[in-house]
Every structure is written in structure tokens, then in C-alpha cells.
Amino acid sequence: MRYILGDQLSRGIAALSDADPRNDVVLMAEVADEASYVPHHPKKIAFIFSAMRHFAAELREAGFTVDYVTLDDPANTGAFGSELARAVERLGAASVVVTHPGEWRVLHAMQDWQAEAGVPVEIREDDRFFCSRAEFRGWAEGRRQLRMEFFYREMRRGTGLLMDEDGTPAGGAWNYDVENRKPLPARLATPPEFFVQPDAVTRDVLALVGSRFGNNFGTLEGFDYAVTARDAERALAHFLEHGLPSFGDYQDAMRQGEDRLFHSVISPYLNAGLLDPRAVCAAVEQAWRDGLAPLNAVEGFIRQILGWREYVRGIYWLKMPDYAQTNRLGAYRALPGLFWGAPTEMNCLHQCVDQTRRLAHAHHIQRLMVTGNFALLIGARPSEVAEWYLAVYIDAYEWVELPNVQGMILYADGGYLGSKPYAASGKYIDRMSDYCRHCRYDVKQTTGERACPFNFLYWNFLMANAPMLRGNQRMAMIYASLDRMDEAKKAAVQDQAAAFLGGLSSDY
Ligand code: FAD
Ligand code: DLZ
Ligand code: SF4
């Protein structure tokens, strides 16, 4: 029996690599435990269930017998292990092959599956990544500090992506970020939306998810994600044509009313297995070689997948389970209700949370510099922040979500993933978006009734965390500015931050 989980929907997945339709049966199960271990956005559950059902149909067309257990099957026991045991008995399977899961929690449970099912269970390495867990461990060993940029260069050398024949990086530099990250010009046209009409299978799933998970944060309305590999490839082609050429230039820009800008929105497909990262990077490189996109865009995009995506996975498996418990800045504030849709007058937060509610997607800078920055500055408890990101985004699995939360936004790991916290005042959001123009707060003011909360929270954060951060070389300039601030202003900042933080409620 080959057991395929909801984020393993790749025809080349290790558990299927040697499967024979005449001898092997495939098991897939929609289980209540997975659908509710965090309060997932309904669109995330619908995406996974519909993609699973389409994948099962594809395997059947290829001649496989697929035993598929739906969530509403009265006999469904609701957990991976017990569904496996039930299926082994039902089908008389002699052994089970699975692929290594994406979450430590599931790996831990998998250790018991053999005993539960009473037959041998083989766990195969998930080889859909450029860098195996063992290779990453080898790279990390003996290094005092891990840095994504050095890992990325190794990956470029190893794969040959964007490399010249003489072993130097294409164009002469490893990284073209100096050309990237511009604010969006006022009248620049943005790419048309890509969407897929739900078919009958998706409509059934939407009805099921609506009835079971309709009270979770997020709306099912307007579900238009791809749920098959073929449509995910169309989404990629749409991005290559419309988004990629300006991806680098406007990678960090945000604009009210524009949800996706020049981003690809392929993360749900990559993470569930509908797209293969190797094929994606090859297609993106080819677009540059064909003169269809500039190098700054292509290198910037490939770095996200070949660099960041692989790097965070490596760190996750290297550091779990302890990584989930890190809280170096000692942050214990309950997550405010605004994250779950309670009203807020901070327009940037309102826009990013509302987009998340509608789409189960927000792009990187919204996650990092708006919601993430806010969670950092208010000292939100890392475990609650991690649960939020894991629940609300359609692409969220712990292997990719957790390092981004603990490491990238909260500095909870004490600088293991990034060399300094991404703390920023409202000035950054004002430069990269038009949110402030529509906000009741004034981004130019640091204290006073109309002061942008990001401003006083930022300085307050620096003061509160000085014992931990002042010694960081990369924070030296910021602390020099803080030291120039007069004492009365510092006190006013601290008072206003205390009043603001005291007024935050976790109700929603
Ligand atoms: P694009 O901007 O088009 O980028 C292309 C691809 O690069 C993405 O599809 C993704 O696969 C990869 N990528 C880019 N940045 C990262 C990164 N930091 N880590 C890993 N992969 C990256 N991404 C997830 O896939 N799942 C998550 O659960 C997730 N949680 C995040 C939590 C926080 C706090 C932050 C700051 C980032 C998180 N990211 C996560 C990374 C990133 O925000 C999303 O991958 C990206 O927004 C997805 O949209 P896109 O496909 O349009 O990305
Ligand atoms: C996220 C998810 C959800 C919501 N539901 C299921 C499910 O019912 N059945 C399944 O096989 N997988 C599901 N998944 C994906 C799993 O949570 C994922 O495979 C593990 O977290 C390991 O990465
Ligand atoms: Fe956000 Fe401050 Fe700008 Fe308002 S003024 S949108 S709170 S950064």
C-alpha cells in the first residue's frame, strides 16, 4: 500500500516511484485531525481536499486502484494512523510505503504507524527538494553562523542554475537586489488575475468545507485556485508572461486593492506537489535566456525558491523539535483579535488581514513587514503567531511557516536564521505602499494622538530589547539614533506604547 498525504500530490513522489498498478493500492484520506490541528482557513482546506480528489482521479486514470476516504465517510476515524490501520485490514495490505512528511508532528506520529497497522511501514526521503536534509546538515555542520546567501551560492554552484560555463554567476554577480525593491509608480499597470473556475469536484468540496469549517477565519467565496498540476502549470505560465519581467523591481511593493501585484502565487502548488521546484526554476531561467525577463527579476525569483525555500526547510529539520519552543526576546503577549478580523484603525494591518481573510494569501512583504513586524514590535507570543500563520495561509505547512515566523519575523531563535530582527517603523510601510494615505494615523508623527503606532512601537521595541540587541553590529546605527533621542521624547514614546499595548484586546 502506498499512502499519499495531502501535500504529496506529485506523480514522481518517492512513495510512488516504483509503484505497480497491478500489485499496489494507493491510500488517501481526508482526516479530521489534519483539518483541525489549527483552525485552517476554509480555502486552504478546500484547496487541499480538491487537489487530493483530483490527484486520486488522475492516478485511477493511470490504472491505479485508489482507496480514497472522504471526510464525511461515516466510518472515517479522523486520524492518519487509524485510517492507515483500517485500510491495511480492509485491503489486506502486506506492507506500507510512505514519503517523509513535511511536519515534525506527523513524523513523530509516523513512528507508531507500524505498530498501529501491524505491517512494515517504510518511510522514504522526500526528494522533491534541491537539497536533502542530510546535505543541509552537512553544510551547516561546523559553521558558527548560517547565512542564506552562502547557502544559496552553494546551491547555484551545485545545480548550475544561472551559472556561466566558467563557474561564475550569470551576469557577474550573485545577487541583483540593488536593482530591485522599488516603490510602485502611481500609474503602473499590474498583471491580469489568473483564476480557475471551480469544477464539480471542487464545488462538492466547497459545500463540505462550508458546512464543516464555515466558522473558521476566512471566506470560501470566490475560490479560484488551481487544484490540478495542469492548471498549476497554467498559473506558472501566466506568471512567466505577466509577472516575472517586473517581479524584481516591485517585489516589496504593496498597493491597496491590488492583492497579487507581480508575485507568482505558486506557493500553494509547490508545497502541495502540483508544481516541481526544479521545473519552475528551469522555466524561469529559460525565460531569461530567451530574453523575456531581465536578470534582476529572474535571479531574485530563483533565489526565493532555490535559496530561501530550501534554506528554511533545512533549518526546520535541523532544529526541530526545539525550534518551535524558542522565544529569545521573551515575548508573551496574547495575539490581538485584529489578526482574526477584529476591527482596527491601522489601515496597513486592516488591508493585509482582510486580504488574508478573502484569499488565504498575502505576499511576502505583507507577511513580513506588516503583520510580522507588528507581531514583533508588540511582543506577541511566538507560539500564537506561528499558529496564526500556519492556519491562515493556503501555502502553510510547518516546515516552511515556522522558520519564517520564529526566525525571520520574531527573532525568537536569537539570530539563527537572520542576523537581525526585521523591526521597522511606519516609514518603511509608507515608502513601499499607499496604505498610509488611507489611514487615520499620521505616519510622520512618532507621538501624539494621531501618531502612527508603528513609530512609537518601533522605538519602544528597541528600548525594551536593548539588553539583547544593542550589541548586534547590524543594529549599531539604529541604536546610535536612539541614543540621540532626548529623554523626554523617549519617555513619551514609552508612555504611548504602554497605553497602546494595554488597549490591545485578544477578542474578535
Ligand atoms: P513569490 O513572491 O512569487 O515567490 C516565489 C516563491 O518563492 C514562493 O512561491 C515560495 O515558494 C518561495 N519563497 C519566497 N519567499 C520564501 C520564504 N521566505 N520562505 C520559503 N519560500 C519562499 N511561504 C510558504 O510557502 N508557506 C508558508 O507557510 C509561509 N509562511 C510565511 C510566514 C511568514 C511570517 C513570512 C514572512 C513568510 C512566509 N512564507 C511562506 C514565505 C512567502 O511569504 C511566501 O512563500 C510567498 O508570499 C508566497 O507567495 P508567492 O508564491 O506569490 O511568492
Ligand atoms: C493540511 C492538510 C489538511 C487540511 N487535511 C489533510 C487531510 O485530510 N489529509 C491529508 O492527507 N493531508 C491533509 N493536510 C496536509 C497534511 O497536514 C500534511 O501532509 C502534513 O502536515 C505533513 O506535511
Ligand atoms: Fe500603517 Fe501607520 Fe501607515 Fe497607518 S500610518 S497605514 S498604521 S504604517
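Author: Happy to! A backbone N or O atom of Val265 lies 2.6 Å from an oxygen atom of ligand 1; a polar contact here is a pair of N or O atoms within 3.5 Å, and within protein one must be able to donate a hydrogen and the other to accept it, with residues adjacent in sequence counting only if both atoms are side-chain atoms. This is a predicted model, where local features need pLDDT of at least 70 and side-chain atom pairs count only at pLDDT 80 or more, while totals for chains, interfaces and linings use all residues. Residues are numbered from 1 along each chain as its sequence is written, chains are lettered from A and ligands numbered from 1 in the order in which they are written, and side-chain values use heavy atoms, leaving out hydrogens and water.

Let's stay with ligand 1. For Ile266, a backbone N or O atom is 3.0 Å from an oxygen atom of ligand 1. His364 takes part through its side chain, with a polar atom 3.0 Å from an oxygen atom of ligand 1. Around ligand 1 there are 29 residues, of which His263, Ser264, Val265, Asn271 and His361 come nearest; a residue is near a molecule or strand if one of its heavy atoms lies within 4 Å of it.

Now for ligand 2. It is surrounded by 18 residues, and the closest are Gly6, Asp7, Ala29, Val31 and Glu34. A polar backbone atom of Gly6 is 2.9 Å from an oxygen atom of ligand 2, and a backbone N or O atom of Val31 is 2.8 Å from an oxygen atom of ligand 2. Glu103 brings in a side chain: one of its polar atoms lies 3.4 Å from an oxygen atom of ligand 2.

The residues around ligand 3 include four cysteines, Cys348, Cys436, Cys439 and Cys452. By class, the shell around ligand 3 has ten nonpolar residues, one polar and no charged; Ala, Val, Leu, Ile, Met, Phe, Trp, Tyr, Cys and Pro count as nonpolar, Asp, Glu, Lys and Arg as charged, and the others, Gly among them, as polar.
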